[in-house]
Structures are given as C-alpha cells and as structure tokens.
Amino acid sequence: MSWSLYLNRTKTNTEPYDEEKDENIIPFTKDEIITTLHEICGIINVNIEDTESKFVQVYSEKWRIEICFWEQLLYSEKDMTYCTIELQVWGNTEPKEFLSLLVEKLRARLFDMKAGTFWTVDGSGFSDWKSFCNRIAKELFGENG
C-alpha cells in the first residue's frame, strides 16, 4: 500500500483540486520529468531506475517513489503529455526534500490523496498514512509483525 500524490500544474497553481480548466493546465512530458529527476540527483542523494518504463523508480535509503505515467492521464496522446502524474510513495520517512525540489523545479503542486489537500512541507497526510499502514500490519501480523 502506498501514499499517493498527484503532481499537476496550471498557469496559476491556485485552483482547487479537480477544478482546473483544460485551458489552464500546463501538461508534463516524460522527458521533462526525467530531466528534473536527474537534476535532483545532482543536489541530493537519490537513485533513479526504469526510466524507459511507465513506472520510473526514485529511491533513497529511507523511501521509494514510483512515478506512474498512466495512459488514462494523458493530456494529449499526440504530444504524449500528461495532465497529472501519480507518485506512489513507500517508506518510513516522508521524502520532504525530494518532493520540495520536484515541485519547485517543475513549478507544480502535489495533491495529497490521503489528506485531501495540496501537499506542503509542513502539512501532509504522510503520518496518517503511516499510522494506517502500521495499524493494518499489526492487525494482520499481530504484535510481533
């Protein structure tokens, strides 16, 4: 089970989630995302794998993110641009530094599916998601899980 974030970008980045008008969306290309990931690798210690697949892996010692290029999120099939990119996060530590750099470099926002709000360094649904995962593991595997 992962913590899901949706990366999106509009001309103003101020609209409520899912109320963006098509004419205000600034779509992403996969190449733009990969280039940005390589830039981030030059700043912080992260690794990138599977850049040719639809599920690019970015990871550190404490977390892993799968960046999903879902066909149903294509903005333009002709240009292979995406209106939204899903990030599925796993780990014991919230990847705040990575996420901050990602949104800064792409001039984008992350919608936190657990919290139901846009992600910020100071406010996210990560701890709630982690508590939920721990509770499920405890129920499934008991105290010694």
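Contact here means heavy atoms within 4.5 Å. Helices (H or I, at least four residues) and strands (E, at least two) are DSSP runs, numbered from the N terminus. This is a predicted model: local features need pLDDT of at least 70, side-chain atom pairs count only at pLDDT 80 or more, and totals for chains, interfaces and linings use all residues. Residues are numbered from 1 along each chain as its sequence is written, and side-chain values use heavy atoms, leaving out hydrogens and water.

**Helix 3**

Helix 3 covers residues 126-141. Its buried residues (under 20% relative accessible area, 1.4 Å probe, protein chains only) are Phe126, Trp129, Lys130 and Cys133. Seen down the helix axis, they fall within an arc of 100°, so they line one face. The arc is taken from the directions from the axis to the C-beta atoms. These buried residues pack against strand 1, strand 8 (84-91) and strand 9 (109-112). Glycine 142 follows helix 3, with a positive phi near 80°.

**Aromatic rings**

Rings of Phe, Tyr and Trp (its six-membered ring) pair if their centres lie within 6.5 Å; planes under 30 degrees apart count as stacked, over 60 as edge-to-face and the rest as tilted. The count comes to seven aromatic pairs. Two of them are tabulated here.

| Pair | Centres | Planes | Class |
|---|---|---|---|
| Tyrosine 6 and tyrosine 17 | 6.3 Å | 45° | tilted |
| Phenylalanine 111 and phenylalanine 118 | 5.3 Å | 80° | edge-to-face |

Tyr6, Tyr17, Phe111 and Phe118 form one aromatic cluster. Phenylalanine 111 is buried, at 9% relative accessible area.

Terms used
Buried < 20%, exposed > 50% of the residue type's maximum accessible area, 1.4 Å probe, protein only. Expected span 1.5 Å × (residues − 1).
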